[in-house]
Amino acid sequence: MSLKQLAALFALGALWGASYIFIRVAVAPIGPVMLMFIRVALTAVILLAYARLRRLQLNIRAHWRKFLVLGFFGSALPFTLIAWAELTVTGSMAAILMSTTPLFTALVAAVGLGEPLTPYKLIGALLGIVGVTITVGGSPLALNADVLAATLALLAATLSYATGGVFAKRFFQGLDNLSMSTGQLLSAAIILAPFSALDLPVPEVSAVAVLATLGLVVLCTAFAYQLYYYLVISAGPLQALTVTLLIPVFGLIWGALLLDERISLGMILGLLIVLFSVGLVTGMISPKKRAVAK
């Protein structure tokens with residue numbers, strides 16, 4: 001990986017780690033559904049304007065039915081579940097739990113794409129469950145019904161992300177990245193629009209919440225997606241996937257620095273176990289490869 005690609009990787013990890021902090025700040029005054037509708041709708045408008053400015057042809061209309069499915073599982077449902085969960089849990093805890101997405105992706109890919117579940121993937125999945133349990137149990141939050149419900153919502157969001165990713169891999173082969181991201185977010189906006197009318201913001205939204213929303217839209221979605229697809233194209237999908245290891249780390253850092261969130265020893269231990277499990281599932285950590293190298 002070149003220095004430019006490495007810089008893009010760390011920038012992407014920092015931006016996506018910050019997204020959980022922005023959500024935590026803006027979700028209470030704006031509402032989880034409305035906040036996510038604003039996120040996907042404004043980002044779609046930005047990408048459409050970018051495509052028009054660059055005179056790029058988007059291939060969305062011919063795949064609109066499939067985009068509705070992708071928009072639901074890839075954006076509308078997981079975004080809303082994350083925002084709702086962050087009414088209860090901290091942004092740093094949400095970032096840790098969401099780092100389990102590759103574990104669910106491996107399980108969904110085994111069913112949807114017929115990819116084999118190797119012993120290392122199964123061990124990694126089990127370790128991921130252990131890591132999540134330690135993270136939740138060792139967090140400073142009181143372990144009550146609300147925290148458990150938020151935890152289940154975050155895990156359901158990872159499952160939704162995994163389902164959307166496998167669906168995209170199976171049904172969107174050969175489609176350009178700008179059409180993919182624009183179509184997905186535009187479809188998510190259409191899905192969330194009627195529900196957002198039932199989740200109106202409080203009468204007076206603070207300037208901080210507005211700035212957090214703009215940061216979520218411009219930095220963590222529109223700009224971050226371009227960094228991600230740059231890495232996918234230039235460095236390959238496996239290298240781009242290593243951002244999964246950086247997101248929770250930056251989530252902890254931003255949460256402590258910007259929101260003064262408490263980071264417990266249990267959260268750090270759970271994070272390390274989750275990251276190790278992700279390494280096993282994705283093949284970033286492979287005892288077999290080390291044995292061959294020796």
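Student: Is Asp260 buried, partly exposed or exposed, and what is its relative accessibility?

Tutor: Quick note before we start: this is a predicted model, where local features need pLDDT of at least 70, side-chain atom pairs count only at pLDDT 80 or more, and totals for chains, interfaces and linings use all residues. Residues are numbered from 1 along each chain as its sequence is written, and side-chain values use heavy atoms, with hydrogens and water left out. Now the idea: buried means under 20% relative accessible area, exposed means over 50%, and partly exposed is in between (1.4 Å probe, protein chains only). Asp260 has 65% relative accessibility, so it counts as exposed.

Student: Where does Asp260 sit?

Tutor: Look in the loop between helix 11 (243–258) and helix 12 (265–282). Helices here are DSSP runs (H or I, at least four residues), numbered from the N terminus.

Student: What about the phi of Asp260?

Tutor: Most residues other than glycine have a negative phi. Asp260, though, has a positive one, near 55°. Arg55 also has a positive phi, about 55°, without being a glycine. You'll find Arg55 in the loop between helix 2 (32–53) and helix 3 (64–85), and it is exposed, at 81% relative accessible area.

Student: How do I read the packing of helix 5 and helix 7?

Tutor: For helix 5 (residues 101–112) and helix 7 (residues 145–171), the angle is about 45° and the axes are 8 Å apart. Angles under 35 degrees count as roughly parallel, over 145 as roughly antiparallel, 65 to 115 as roughly perpendicular and the rest as oblique. Helix 5 and helix 7 are therefore oblique to each other.

Student: Which residues of helix 5 and helix 7 make the contact?

Tutor: Contact means heavy atoms within 4.5 Å. Helix 5 brings residues including Phe104 and Val108, while helix 7 brings Leu155, Leu159 and Val166 among them.

Student: Which kind of aromatic pair do Phe167 and Phe171 form?

Tutor: Rings of Phe, Tyr and Trp (its six-membered ring) pair if their centres lie within 6.5 Å; planes under 30 degrees apart count as stacked, over 60 as edge-to-face and the rest as tilted. That rule gives 7 aromatic pairs. Phe167 and Phe171 are tilted, with 4.7 Å centre to centre and 40° between the planes. They are 4 residues apart in helix 7, so about one helical turn separates them. Phe167 is buried at 17%, whereas Phe171 is partly exposed at 39%. Ring pairs also link Phe67, Phe167, Phe171 and Phe172 into a cluster.

Technical notes
Axes fitted to C-alpha atoms, helices over the stretch in contact; angles between N-to-C directions. Helix = DSSP H or I, 4+ residues; strand = E, 2+ residues; numbered from the N terminus.
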